[in-house]
Amino acid sequence: MGQRLVAGLKAWRYGTVLGVFLMVVAALAWRLLDLHVVDQEFLRQQGDVRTIRVEQIDAHRGVVTDRYGESLAVSTPVQTLWINPSETDAGDPRLTAVARQLGLREGELRARLRKYASREFLYLRRKIQPELAREVMALGTPGIYSRQEYRRYYPAGEVTSHVVGFTNIDEFGQEGIELAYNDWLSGERGKKRVLKDNRGRVIKDLTLIRNARPGKSLALSIDLRLQYLAYRELKAVVSAHNARGGTLVMLDVDSGEVLAMVNQGSYNPNDRSQLSPDRLRNKAITDLFEPGSTMKPLSMAAALESGRFKATNTIDTDPGFRRFGRFTIRDHRNYGVISLTDVIAKSSNVGISKIATDIGGDVIRDLYARLGFGQPTGIGFPGEAVGVLAAPPKWRPVEEATLSYGYGMSVNALQLAQAYMVLANGGIRYPLSLLKVQAKPVGQRVLSEQVTFDVRQMLREVVENGTGKRAQPGFYSAGGKTGTVHLVGKDGYEDSQYKAIFAGMAPIDDPRIVTVVAVDAPQSGEYYGGEVAAPVFARVMGGALRLLNVKPELELGQTKASEPVSSERG
C-alpha cells in the first residue's frame, strides 16, 4: 500500500513538472508567434530604441565684417575626434601613432582610457584640420570617431582683436563684439534622427527634426584699411619710445562711427597660447586717464558760450604762475598779455585757469557733461569705464583751475574723441557706434556753430605755430591739442611717468575725421604730447585722408610736417 502511494506521488510530480514545462514552451512559442506575426511593431520599436538616435546639427556662427564687407571673424568647418573607451584596448599599439599625430602624450592617453574604461565618450582633440582628422582615422584604431564642428577664425589677427574679441571653443563670445552681440551672431542648433550600428557609427540619416539656423552677420563701422594704418603707426611709436602701451581712436565726425580703434599691446586671437589678461583690455574704452591740456579747447568753448569772452579778447598771464595756498600752477614761461588763441596755442595753464575763475566751475562742468564726460558713450561695448566728473556743491578756486586743464577728472580715449567730434562738426553730439550706420543719425546740439568755428581756428594755430607742429598731416590742414599728464600709480602721481596725448581733426576747414592718440610712459627721453603723440596723428591722418580720397589742400611749399616742435609744452 505504501509503495503504491509513493509511486503515485512520483508520477504526479513528474506529470506536474512536465505540464508546467509544456505550458512554458507553449507560452514562449505563442510569444514568438505573436511578436513575429501578430505584433511585429514591438520588436521594431525595441530595435529603434537601440539603434536610432537624435543628434544635434551645429549652426554656423554669423560673420563679422568691416564697413566694406571685409571679413573680421568667420567660422570654418573643422573636425573633432572622440573615442569610445569601452571599444578601445588601452594597450593597442596603434594608439602610439594616434598620440603622435594629435600631439598627445601617449602615457596620459592610455591612462585615461583605463580610468574611464566604462564610459562611451571622451574627446581626443577638438576642432582640428580635416586633413589631420583623416590621417588619424586612416590608422583604423577601434573606437575612434570624428564629427564636424565649426571653428572661429580672425583674418586680421591682432589688428582688430580688441574690437572684435574672440569666442571660446564652443563658439560662445568671450570678449569684444563677439561677447556684446553673442545672441545675434549665434545660430540655433538643429536636430536630426539617425540610424547607428552597434559601434555607434551613423549608418543613415533618417529624418530632419529641425533645421540649424545660422547666426546673423554683423557689419562694423571699422574701415579695415584705416585700422591697419592706425595699428602700424601706433605699434611703431610704442616700440620707438619703449613705451608701456598706447591707444588710438578715429571717428567719422558726421556720423559718430568708429573708423579705427587700436591698442598696444595686443594679442592674436588665432593663437591664444601666450594670452595674458593685461593684453585683453580694449584700453580705448576700459582705461581711464586725466586728459590734461586736451581739455583747454573745451574750457575755452565754455567761456565763449558764456558770452563773457570773445575770440578777439586778450588775457594777462603775468607773472607766469598762480598760487592757490600751497598749490602753484605754472606756464612754461611768462607769456604776459596774450590772445585767447595763444592761450590754446601756447597751452597756457595760467591763462585758461584765469578764464575758469571768471566763468566758474559750474559753467565748465556743464559743458563737459553735455559733451559726454562722466557718462557712458552708449556704444554697448563690454567693460566700458565712464570716468569721473566732479560736481562739488561749492567750487574752490584751485578746483576750477585744475578742471579747466583736465586734472581732477578722468576720461577714456573714446569720450575724448567724442568731445572733439562736436568741435569738428559744428556743435552736434552724435551717438557713437561700432556698427555701420545706414542712415545719418539724429544728434543733439551741444554748442553753436560760431563757438566751434572759433575754437577750430585756435586748434589750427596749435598745429601751425604752437605746441602741435609735428601734427601737420602732409598736404592737409589740421587742428588739435597736445596734452602731457603724469600717470597715476598706487602711491599717487608718478614723477617720471607720463601719458603723451594728441587730439585733433582734419581737414580743419571742413573736418572729416577726428583722431585721439595716447601713448603711455614713453621712455626714450621725449615724453610730451607734441613730441610723441602728435607725429603719430600726422602720419595716420595723412594716410587716412588719402585713403578716403579727400583732395589735398596744401601745396608742397606750404606743408610744415618737417618743422621742429615748438619750445612750448602741452
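Reply: Helices and strands here are DSSP runs, numbered from the N terminus. The model is a predicted one.

Me: Which strands each supply at least two residues of the lining of the second largest pocket?
Reply: The second largest pocket holds about 600 Å³ of space, and 23 residues line it. Strands that each give at least two residues to this lining are strand 13 (327–330), strand 17 (479–489) and strand 18 (492–506).

Me: Where does the largest share of the lining of the second largest pocket come from?
Reply: By class, the lining has 9 nonpolar, 9 polar and 5 charged residues. Nearest the centre of the pocket lie Arg-330, Asn-349, Tyr-407, Thr-484 and His-486. The largest share of the lining is 4 residues, and its source is strand 13.

Me: How many cavities of 30 Å³ or more does a search of the whole structure find, and which elements each supply at least two residues of the lining of the largest cavity?
Reply: The search of the whole structure gives 1 cavity of 30 Å³ or more, and the largest cavity has a volume of about 30 Å³. Among the residues lining the largest cavity are Glu-158, His-162, Gln-227, Tyr-231, Met-261 and Ser-266. Their classes, over the whole lining, are 5 nonpolar, 6 polar and 1 charged. At least two lining residues each come from helix 6 (161–164), helix 9 and strand 10 (258–264).

Me: Are helix 9 and helix 18 roughly parallel or roughly antiparallel to each other?
Reply: The axes of helix 9 (residues 224–240) and helix 18 (residues 529–547) come within 10 Å and cross at roughly 160°. Angles over 145 degrees count as roughly antiparallel. Helix 9 and helix 18 are therefore roughly antiparallel.

Me: Is the crossing of helix 9 and helix 18 left-handed or right-handed, and how many nonpolar, polar and charged residues does the contact have?
Reply: The crossing of helix 9 and helix 18 is right-handed. On the helix 9 side the contact includes Arg-225, Leu-229 and Glu-233, and on the helix 18 side it includes Val-536, Arg-539 and Gly-543. Divided by class, the contact of helix 9 with helix 18 has 9 nonpolar, 1 polar and 3 charged residues.

Me: Are helix 11 and helix 13 roughly parallel or oblique to each other?
Reply: The axes of helix 11 (residues 296–306) and helix 13 (residues 349–359) come within 10 Å, with a crossing angle of roughly 40°. Angles under 35 degrees count as roughly parallel, and those from 65 to 115 as roughly perpendicular. Helix 11 and helix 13 are therefore oblique to each other.

Me: Which residues of helix 13 make the contact with helix 11?
Reply: The crossing of helix 11 and helix 13 is left-handed. From helix 11 the contact takes Lys-296, Ser-299, Met-300, Ala-302, Ala-303 and Ser-306. From helix 13 the residues are Asn-349, Ile-352, Ile-355 and Ile-359.

Me: Is helix 11 roughly parallel or roughly perpendicular to helix 14?
Reply: The axes of helix 11 and helix 14 (residues 361–371) come within 9 Å and cross at roughly 115°. That makes the two, helix 11 and helix 14, roughly perpendicular.

Me: How many nonpolar, polar and charged residues are in the contact of helix 11 with helix 14?
Reply: The crossing of helix 11 and helix 14 is right-handed. Residues of helix 11 including Leu-298, Ala-301 and Glu-305 meet residues of helix 14 including Val-363, Leu-367 and Arg-370. The contact of helix 11 with helix 14 divides into 8 nonpolar, 2 polar and 2 charged residues.

Me: Is the peptide bond from Gln-264 to Gly-265 cis or trans, and what is its omega?
Reply: Most peptide bonds are trans. Gly-265 is in the loop between strand 10 and helix 10 (283–286). The bond from Gln-264 to Gly-265 is cis, and its omega is near -5°.

Me: What is the phi of Lys-127?
Reply: Most residues other than glycine have a negative phi. Lys-127 lies in strand 4 (residues 122–128). Its phi is positive although Lys-127 is not glycine, with a value near 55°.

Definitions and conventions: Residues numbered from 1 in each chain as written. Predicted model: local features only at pLDDT ≥ 70, side-chain atom pairs only at ≥ 80, totals over all residues. Heavy atoms only, no water. 1 Å grid on protein atoms, 1.4 Å probe; cavity = no way out; pocket = protein on both sides within 12 Å on 5 of 7 lines; lining within 4 Å. Points joined across faces, edges and corners; volume = space filled by probe spheres on them. Nonpolar A, V, L, I, M, F, W, Y, C, P; charged D, E, K, R; others polar. Axes fitted to C-alpha atoms, helices over the stretch in contact; angles between N-to-C directions. Left-handed = near helix turned anticlockwise from the far one by under 90°. Contact = heavy atoms within 4.5 Å.
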